[in-house]
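Have the viewer open as you read.

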Amino acid sequence: MQKGTSTAVGLLLGFALDRVFGDPRRGHPVAGFGSAAGALESVTYADRRVAGLVHEVLAVGSVVGFGVVARRGGVAATAVATWTVLGGRSLARTGRAMADRLAGGDLDGARALLPALCGRDPDVLDANGLARAALESIAENTSDAAVAPVVWGAVAGVPGLLGYRAINTLDAMVGYRNERYLRFGWAAARADDVANLIPARFTGLLTAALAPLVGGRPTAALRAWRRDAAGHPSPNAGVVEASMAGALGVRLGGRTQYPHGVEQRPLLGDGPAPTVDDLRRAVRLSEAVQLAAALLAAAVAAVER
């Protein structure tokens, strides 16, 4: 089997595994990488950018090196790597569970579930705030947890899959603008921005194209993207959140409470604040985007020589 065909088949098999089984319940390799990166940080940490750069190169480089060796396993290696790095089914399942709890008036249950989606302070959020936080997280993580991995898998096979997930995980661990990580986490945050630059825009285009599946209009999604995305502090989250807001006909952004403080996010899209029904629509749109991305990534991989 040719290399491109092998990668394409592996991507589709890995996507299918994620849809059937979701994340591994125990011994998740990403959690293992996080533990190893935490141990490495105890050695590499210093309040300097260069220390953070060394940390990033060592952690990501080791994973990419492992991927170079592992890709000799062909289709099976690509399928397992794809399943390992994808989080699409878990994202959709959590989004639905959040909608169910909000619809049932179980705010305590919804607050307990929110940390599985994002890092906001759930205790200060009412039902509308929880719905908005969950929907924004669905939009961002559709790109980070589902689209970006298959894009990098199509481009670089197993090393691309594993390397991307390492970059994204390190950003979640140290890419913060707080006292400890402002300088040390700079390299992790910038690497994640670069790694998601194309996938986020691919996600935005797919979100717009598939908006009619949930009663939306592609033109509204593209208009919100063009008008509002640049105001977001993230060059990538702004794209996917604005396009989702436009596709659903809702308004996202505004006052956002994190454990470290309050941020005033720009308003994205036009319309009312999102409801539970809008959250369910966002999950359906996310799943459609995930499937389309996997199919297109496999098609790109198949034509590579």
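A cavity, as the word is used here, is a set of grid points where a 1.4 Å probe fits but cannot get out, whereas a pocket is an open set. Rolling a probe the size of a water molecule over the atoms shows where empty space is left. Keep in mind that we're looking at a predicted model.

The largest cavity holds about 40 Å³ of space. Around it you'll find Arg120, Arg132, Glu136, His232, Glu241, Gly253, Thr256, Arg265 and Leu268. Helix 7, strand 1 (252-258) and strand 2 (261-268) are the elements that each put two or more residues into that lining. Sort the lining by class and you get 5 charged residues, 3 polar ones and 1 nonpolar.

Now move on to the second largest pocket, where the space comes to about 300 Å³. Its lining is made up of 17 residues, and those lying nearest the centre are Pro29, Val63, Phe66, Thr84 and Leu162. Helix 7 turns up again here, giving two or more residues to the lining, as do helix 2 (29-44), helix 3 (49-70) and helix 4 (74-85). What classes of residue line this pocket? The count is 13 nonpolar, 3 polar and 1 charged.

Beyond the neighbours within four places in sequence, Thr142 is in contact with Leu91, Val147, Thr203, Ser286, Val289 and Gln290.

For a last stop, go to helix 8 (residues 186-195), where you'll find Asp193. With a relative accessible area of 17%, Asp193 is buried too, because the limit for that label is under 20%. Which residues does Asp193 touch, if those up to four places away in sequence are not counted? They are Pro235 and Asn236.

Definitions and conventions: Residues numbered from 1 in each chain as written. Predicted model: local features only at pLDDT ≥ 70, side-chain atom pairs only at ≥ 80, totals over all residues. Heavy atoms only, no water. Contact = heavy atoms within 4.5 Å. 1 Å grid on protein atoms, 1.4 Å probe; cavity = no way out; pocket = protein on both sides within 12 Å on 5 of 7 lines; lining within 4 Å. Points joined across faces, edges and corners; volume = space filled by probe spheres on them. Helix = DSSP H or I, 4+ residues; strand = E, 2+ residues; numbered from the N terminus. Nonpolar A, V, L, I, M, F, W, Y, C, P; charged D, E, K, R; others polar. Buried < 20%, exposed > 50% of the residue type's maximum accessible area, 1.4 Å probe, protein only.
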